[in-house]
Amino acid sequence: MSKKITKRSENFSKWYNDIIIHADLAENSAVRGCMVIKPYGFAIWEEMKSILDRMFKDTGHVNAYFPLFIPKSFLSKEADHVDGFAKECAVVTHYRLKNSDKGIIVDPDAKLEEELIVRPTSETIIWDTYRKWIKSYRDLPLLVNQWANVVRWEMRTRLFLRTAEFLWQEGHTAHSSQNEALEEAKTILFIYKKFIEDTLAMPVLCGLKSQREKFAGAVDTFCVEALMQDGKALQAGTSHFLGQNFAKAFDVKFANKDGNLEYVWASSWGVSTRLIGGLVMSHSDDFGLVLPPKLAPFQIVLIPIYHNQQEYKNVTNELKKLANNLRLKNYRVKEDYRDTHKPGWKFSEYEVKGVPIRLVMGPRDIENQTVELFRRDTMKKNNVPLDNLNNTIDTLIVDIQENLFNKASKFNSENTFNSDDFEDFKSKILQGGFVFAHWDGSSETEDEIKKLTKATIRCIPLEDIHEPGSCILTGKPSAQRVVFAKSY
RNA sequence: CGGGGUAUAGCUUAGUCCGGUUAAAGUGCACGUCUGGGGGGCGUGAGAUCGGAGGUUCAAAUCCUCUUGCCCCGACCA
């Protein structure tokens, strides 16, 4: 039987954790709140990175790298920004250790004149740098991305979803007009949407954050929100229109075509290793991880069945031919010829790890010129002829990717509701899912609703659905429905 | 940061209330063997000074004091 994975229906968080551990994605480390991303988990991140990185570059962005440390004074230059992050910053105060009778201690004589903050995000150090880079409208737009780690000192952490240190990309762009910066933020939002839907096979809602939920220092925050199998929402990516807030805080001006000085307009945007958590909670089942083919470190695993050395030789020879053919078609293929593990053991192993397709070949198959083909998403297996295998695989890979997206979409629509009555709203929030409801637009109402139901506004949908109504809580007038949900 | 729990072999746990020989099991690991189309069987072996420090006692995993880590529940968050 499979490794004991807690059933989703029994305890969703435990199930989530079991998947991460048993699929060998990550584990807790010696440092509280920080995880070790294991090779298999990191391979998924590498796939994500390479696809996203290509998408950024295709839209004119370039990569760079800024320091891990930020002078404390920088962080405090933008008032809202420092308010938002102050409570979760790691601070470097000393630069040397020394020996003492109590062992190694921090050398009290090695105190930094100005403390350094381990970046919780890089807006401040980047805008301090941009001041030097930007003089003229000819220097704009500046479209820079960085792949980096950041640290936010979280009280409660969960593997991938919230850790003290995490990996992400952060884009920081500078523009000569408000509209261009705003358009950039939206362009990126739709890149995220496309990436998450096409590659991770997770349907998302695009929208605007309420003022209460927006990024500290932004004028507006856009987001993509995904629904997890337990009915809770996960913010999968954010894109901010920063206005001139950071340009003003760091005095970044450019000369326009008329020779007048103006503050630069900005955007910033990011997705993180949290996406891996979202991926797990979107598709996986009680047997383990389920990966969409586009992201799977191994898309196809090949396993031999044999009873003696001669059969082993015959079967692996055939499988090696298959594997090479599949590699010629650019599939990521894993051949597991280990004699130290039984076939059944390997089956379970790759199921837990979510490998989309498994090909099994034994003496019987060679005789019949067939191979046993198993697809992880439906757990169905059948025997298919060898002669048309490449085409069969081509179709199947596409089909699995689509099936995962369709399944998740179906789940989404089955768990998305309208509500116009507060009692009804409460019960729907309690059962989980996205609830579209009217809201009077005030932060007070938003707070009150959160207090009463634990639900927050996930986003104000971008498609402007002009549907006047009255606020679910206060009855005051509302121009459109917004999306409520409990969230991660 | 507040409330609750927990710490025994690599991992999961029993034993603790009510102190008493050599601390127990499953799993994993090593070796042998039969096996091999769904985590296989049998046998052998290695592996824990019971989170740490102090105390009570003839005797402590077990009782007392202090301490540290981790987990869960709240407030906060990509």
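Predicted model: local features only at pLDDT ≥ 70, side-chain atom pairs only at ≥ 80, totals over all residues.
Residues are numbered from 1 along each chain as its sequence is written, and chains are lettered from A and ligands numbered from 1 in the order in which they are written.

Let's begin with the layout. Chain A has three parts: domain 1 (12-69 + 121-283), domain 2 (300-411) and domain 3 (416-485), with bounds from an automatic or database domain assignment. Taken over C-alpha atoms, the centres of domain 2 and domain 3 are 47 Å apart.

Two or more residues each come from strand 13 (233-243), helix 10 (343-352), helix 11 (363-368) and strand 20 (370-375). Helices (H or I, at least four residues) and strands (E, at least two) are DSSP runs, numbered from the N terminus. Helix 10 gives the largest share of this surface, eight residues. By type, the surface has 11 nonpolar, 11 polar and 16 charged residues; Ala, Val, Leu, Ile, Met, Phe, Trp, Tyr, Cys and Pro count as nonpolar, Asp, Glu, Lys and Arg as charged, and the others, Gly among them, as polar.

Next, please find strand 10, residues 165-175. Eight of its 11 residues are buried, which takes 20 or more other C-beta atoms within 10 Å of a residue's own, whereas exposed is 12 or fewer and partly exposed is in between, with C-beta atoms placed from the backbone. Strand 10 runs antiparallel to strand 9 (residues 142-151), with 10 bridges, and antiparallel to strand 16 (residues 265-272), with eight bridges; pairing needs at least two DSSP bridges. Trp147 has Gln169 of strand 10 as its bridge partner, and His172 stands opposite Ser268 in strand 16.

Last stop: helix 14, residues 443-453. Here Glu446, Ile449 and Thr453 are buried. Why are they on the same side of helix 14? Because they cover an arc of only 65° around the axis, going by the directions from the helix axis to the C-beta atoms. On the other side, Ser443, Glu444, Asp447 and Lys451 are exposed.
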